[in-house]
Amino acid sequence: MRIAEKFQELKAKKEKALIAYVCAGDPSADATREYVHALVKGGADIVELGLPFSDPVADGPTIQAASDRALEAGMNPDTYFELAASIKEQVPLVCMTYYNLIFRRGVEKFVKDCAASGITGIIVPDLPIEEADDIVKACKAHGVDTIFMVTPVTDNDRMQKIFNKGSGFIYIVSRLGVTGTRADVAKSTKEILEKVNTTLPRAVGFGISNGKQAAEVIAAGADAVIVGSAFVNIIASQNNVDEQLEQLARELKAGCST
Amino acid sequence: MQKPTYGRFGGQFVPEVLMPALKELEEEYERYKKDPEFLRELNYYLTEFAGRSTPLYHARNLSKKYGTKIYLKREDLVHGGAHKLNNTIGQALLAKYMGKKRIIAETGAGQHGTATAMAGANLGFETAVYMGAKDVERQKMNVYRMELMGTKVHPVRSGSMTLKDAINEALRDWVTNVESTHYLIGSVVGPHPYPMIVRDFQSVIGTEVKQQIMEKEGRLPDSIVACAGGGSNAMGIFYPFIADTDVKLFPVEAGGCGMQVQGKTAMHSASLGAGEEGILQGARTLILQDKYGQILESTSVSAGLDYSGVGPELAYLAQTGRIQPGSVNDQEALDAFHELCRLEGIIPALESSHALAYIKKMADTGELGDLVVVSLSGRGDKDLETVLKLKAGACEEKL
């Protein structure tokens, strides 16, 4: 499913989107398939499926640990695409990974494999727009969106360039830093949302872990909240994971609907 | 503004949040590198604080043994015991001109961390250094040295707990504190403009060599040999000679315990010789990686060469054939270490011992010519414990 279709569907229902991240293969491909099911059942509208990289510089300790577990368990790009193809949930799947894995497979082949396995968006946190022409071109050819980030230190000129190159949604990093849950979500969310003038849906991420925070972000004007580390923490706990994931997704989705 | 690439290598593969900081750094550097006041101050610190210029020393006994005239560029005599301070004092001064209050750095063995601590203390910065927890354990003295100079040392417990992970963690700190903080990268690696800035600050080595060899010999050397991990002393000594195509340039990488790969670990650190194109820590370069693009851990007896990537400009120069990469293994480097101690009364760093070992390896081929300059990038006092503890057959145990 394409990302734009999902946002249209939600618009008709007057809902905002919950975008959930899990790291593929943490702790196994079978488990990930279950977890995606639980997240969607709880209300996730889009699922970011992380393809683990050995050196994830944009991520904090939570997601690095998840990547290490997944790599240890044998996840690799081949098994990743098999896993993606086997996920039957009716939500857009977005691949989040680092550029070396894409470069190594070949940009064209990587994007083609995404499209063939039902992935309709790509986020590459270490690929700024200046280096992204190849992947944007390949993505256009194969019907995959390229999602770029904007941050509190991105100036207006740069934002315009990012809006022009990006598709699917704009990933708004609400504060400086790496991924991970934070107690003080987003004093800067409002400020940055005021600067992000784009027709693309505006999704806010980094540091959101509960329904109250999600509601604050939505109230500030976002079209979607992105939650990763809070889900990954549940997975790491190995305790009643399916149920907890579904519950947290439900709580967050409720925050997106008020 | 200079293009951020060397052929197809280099570039800026970093999170969006760092792009403004890289742009600022590039603009400020372009401005200050021509600023007479900045250059005067830089020169002052290089002379009075770092102790430059360093001698170009005719190693008579070594020359006699290998039948060619060998000069050693004595970077081991720079304050702190290695070439690292050339770069840290330059970047710290730049950070001061840029109005930054804090500097951070990564370190492997602790040499770059120590040089950062020196520059940070002297120029009045709050200084933090990231160091793999394993390296913290192995290099207690360097940790203490840094702490003595007021630097906060953060042990990094993620991944392999070595240099690569320390760089990742320093990048994360920078992403979080980018407005107040300058990330002081220690080698010619990372996103543009770092490879250029570090090369420029280190090229004082080659500039001095050129002048000194003309004074002593009235001609340029036939070849220059330097060890290369990330490649900062190699780029520093090579760069002023790039246009002098009669001068052969040999970067020497760590052959470690052999050229094979075991699981997720390469038994060597030879990215120029055996690496493949990829993107690591901000730049497109040659890296040690598996078939999927996951980064391999590297191996070397010398912590300063133990790195899975290499500077993008070196990758480019190797591709064009201007430099000719070679490698020597742990044992060859150790033999060269002992040989220099005995023949010349100089204890070289294990890193620099790789360059020395290459002389021995190549002596019979005639490839090096009659007049050779070796970059003696650091002194070996820091390595005595490693050498003492090293048992015969250390590599066999790893294989």
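What follows is a walk through the two chains of a predicted model, from overall shape down to single residues.

A few ground rules come with it: local features need pLDDT of at least 70 and side-chain atom pairs count only at pLDDT 80 or more, while totals for chains, interfaces and linings use all residues. Residues are numbered from 1 along each chain as its sequence is written, chains are lettered from A and ligands numbered from 1 in the order in which they are written, and side-chain values use heavy atoms, with hydrogens and water left out.

Chain A has 12 helices and nine strands; helices (H or I, at least four residues) and strands (E, at least two) are DSSP runs, numbered from the N terminus. Its radius of gyration is 17 Å, close to the 18 Å that the globule rule gives for 258 residues, so chain A is as compact as a globular protein of that length. That radius is taken over C-alpha atoms, and the globule rule is 2.2 Å times the number of residues to the power 0.38. The C-alpha trace of chain A spans about 40 × 40 × 35 Å along its principal axes. Of the 258 residues in chain A, 61% are buried, where buried means under 20% relative accessible area, exposed over 50%, and partly exposed in between (1.4 Å probe, protein chains only). Take the contacts in chain A between residues at least 6 apart in sequence: 71% of them join residues at least 24 apart. Contact here means heavy atoms within 4.5 Å. The accessible surface of chain A comes to about 9,800 Å², with 48% of it belonging to carbon and sulfur atoms; these areas come from the Shrake-Rupley method with a 1.4 Å probe, and for residues only the protein chains shown count as cover.

Chain B has 17 helices and 16 strands. For its 399 residues a compact globule would have a radius of gyration near 21 Å, and the 19 Å of chain B agrees with that. The C-alpha trace of chain B spans about 55 × 50 × 40 Å along its principal axes, and buried residues make up 64% of the chain. Among contacts in chain B with a separation of 6 or more, 73% come from residues 24 or more positions apart. Chain B exposes about 14,400 Å², and carbon and sulfur atoms supply 51% of that area.

In chain A, helix 2 (residues 29-42) and helix 12 (residues 241-256) pack at an angle of about 35°, with their axes 7 Å apart. Axes are lines fitted to C-alpha atoms, for helices over the stretch in contact, and angles run from 0 to 180 degrees between N-to-C directions. The crossing of helix 2 and helix 12 of chain A is right-handed; a crossing is left-handed if the near helix is turned anticlockwise from the far one by less than a right angle, and right-handed if clockwise. Residues making this contact include Tyr35(A), Ala38(A) and Leu39(A) from helix 2, and Leu245(A), Ala249(A) and Arg250(A) from helix 12. By class, the contact has six nonpolar, one polar and six charged residues. For the classes, Ala, Val, Leu, Ile, Met, Phe, Trp, Tyr, Cys and Pro count as nonpolar, Asp, Glu, Lys and Arg as charged, and the others, Gly among them, as polar.

In chain B, the axes of helix 1 (residues 19-32) and helix 9 come within 10 Å and cross at roughly 35°, this time in a left-handed crossing. Here Leu22(B), Leu25(B), Tyr29(B) and Glu30(B) in helix 1 meet Tyr194(B), Met196(B), Ile197(B), Asp200(B) and Phe201(B) in helix 9. That contact divides into seven nonpolar, no polar and two charged residues.

On to single residues. Met149(A) sits in strand 6 (residues 149-150) of chain A and counts as buried at 11% relative accessibility. Leaving aside neighbours within four places in sequence, Met149(A) is in contact with residues including Met96(A), Ile123(A), Tyr171(A) and, from chain B, Glu16(B). The C-alpha atoms of Met149(A) and Ile170(A) are separated by 6.1 Å, with the two residues 21 apart along the chain.

Lys14(A), a residue other than glycine, has a positive phi near 55°; Lys14(A) is in the loop between helix 1 (3-12) and strand 1 (17-23) of chain A and is exposed at 75% relative accessible area. In chain B, the peptide bond from His192(B) to Pro193(B) is cis, with omega near 10°.
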